[in-house]
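Open the model in your viewer and keep the sequence panel beside it. This tour moves from stop to stop, telling you what to select and what you will find there.

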Amino acid sequence: MASQRENDAAEYLDKHKIIDLMDNLSSMLLFYRPDNPKEFLIEQLELLKMCQQSGVKGPNLFSISNMDAVFGIMDPANQKYITFAQYKHALTMLGIKNINECPEGVNEDRISHETFRTEAMEGLERTSATYAQL
């Protein structure tokens, strides 16, 4: 059984999205491999602060072309749609939480390329916003 101190620590980490922040910063460090990692982290934190204050989208490792590539892998026959199960699996693998369970096309089990791209990019933006909205 967890102690009150452990519960408080877990609540603090969750409330301030510390784990998500550390995951994002670590991923960016490994992806970009800057010569000066400390300066890079400071710049990223300053960018996040600016994004929070201005409402601008935060930094993200993935682009639209990356989402197109992911969709292409799931649609090798070029049918221009994927199943809901494929959609959900791909977004989960991209690290997206709180996936839209009712995207356009869910009733037909045909999620279009455009719907996938939109849902993926919006999900990644939510995931990379490791700050509380003002």
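**Stop 1: the whole chain.** Colour by secondary structure. The protein has 6 helices and 2 strands. Trace the chain along its sequence, and the order reads α-α-α-α-β-α-β-α. Keep in mind that this is a predicted model. How many of the 134 residues count as buried? The share is 26%.

**Stop 2: helix H2.** Select residues 18–32, which make up helix H2. Pick out Ile19 in this helix. Is Ile19 buried, partly exposed or exposed? Ile19 counts as partly exposed, because its relative accessibility is 48%, and the band for that label runs between 20% and 50%. Together with Ile19, they make a nonpolar surface patch of about 290 Å².

Go on to Tyr32, also in helix H2. Tyr32 is partly exposed, with a relative accessible area of 43%. Draw a distance line from Tyr32 to Gly105, C-alpha to C-alpha. The line spans 36 Å in space, and the two residues are 73 apart in sequence.

**Stop 3: the largest pocket.** The largest pocket has a volume of about 350 Å³. Which of its 21 lining residues are closest to the centre? Select Asp23, Asn24, Ser27, Thr127 and Ser128. Then colour three helices: H2, H3 (37–54) and H6 (113–128) are the elements that give two or more residues to the lining. H2 provides the largest share, with 7 residues. By type, the lining divides into 10 nonpolar, 8 polar and 3 charged residues.

**Stop 4: the salt bridges.** Hide the surface and show side chains. Side chains of opposite charge can pair when their charged atoms come close. Here the count comes to 3 salt bridges.

Start with Asp20 and Lys97. Their side chains meet in a salt bridge, 2.7 Å from N to O. What does this pair tie together? Asp20 lies in helix H2 and Lys97 in the loop between helix H5 (84–93) and strand E2 (111–112), so the bridge links parts that are 77 residues apart in sequence. Asp20 is partly exposed at 23% relative accessibility. Lys97 is partly exposed too, with a relative accessible area of 47%.

Next, select Arg117 and Asp68. This salt bridge is 3.1 Å, N to O. Arg117 sits in helix H6 and Asp68 in helix H4 (residues 64–74), so the pair ties together parts 49 residues apart in sequence. Asp68 counts as partly exposed, at 26% relative accessibility.

Finish with Lys88 and Glu101. Their closest N and O atoms are 3.2 Å apart, and they form a salt bridge. Where does each partner lie? Lys88 is in helix H5, and Glu101 is in the loop between H5 and E2, so this pair ties together parts that are 13 residues apart in sequence. Check the surface once more around both residues. Lys88 is partly exposed, with a relative accessible area of 33%. Glu101 is partly exposed as well, with a relative accessible area of 40%.

Definitions and conventions. Residues are numbered from 1 along each chain as its sequence is written. This is a predicted model: local features need pLDDT of at least 70, side-chain atom pairs count only at pLDDT 80 or more; totals for chains, interfaces and linings use all residues. Side-chain values use heavy atoms; hydrogens and water are left out. Patches are made of residues with over 30% relative accessible area and no salt bridge: like charges are joined within 9 Å, nonpolar side chains (Val, Leu, Ile, Met, Phe, Trp, Tyr) within 5 Å. Accessible areas come from the Shrake-Rupley method with a 1.4 Å probe; for residues, only the protein chains shown count as cover. A salt bridge is a side-chain nitrogen of Lys or Arg within 4 Å of a carboxyl oxygen of Asp or Glu. Helices (H or I, at least four residues) and strands (E, at least two) are DSSP runs, numbered from the N terminus. Buried means under 20% relative accessible area, exposed over 50%, partly exposed in between (1.4 Å probe, protein chains only). On a 1 Å grid over the protein atoms alone, a cavity is a set of points where a 1.4 Å probe fits but cannot get out, and a pocket is an open set with protein on both sides within 12 Å along at least five of seven lines; lining residues have an atom within 4 Å of a point. Grid points are joined across faces, edges and corners, and a volume is the space filled by probe spheres set on the points. Ala, Val, Leu, Ile, Met, Phe, Trp, Tyr, Cys and Pro count as nonpolar, Asp, Glu, Lys and Arg as charged, and the others, Gly among them, as polar.
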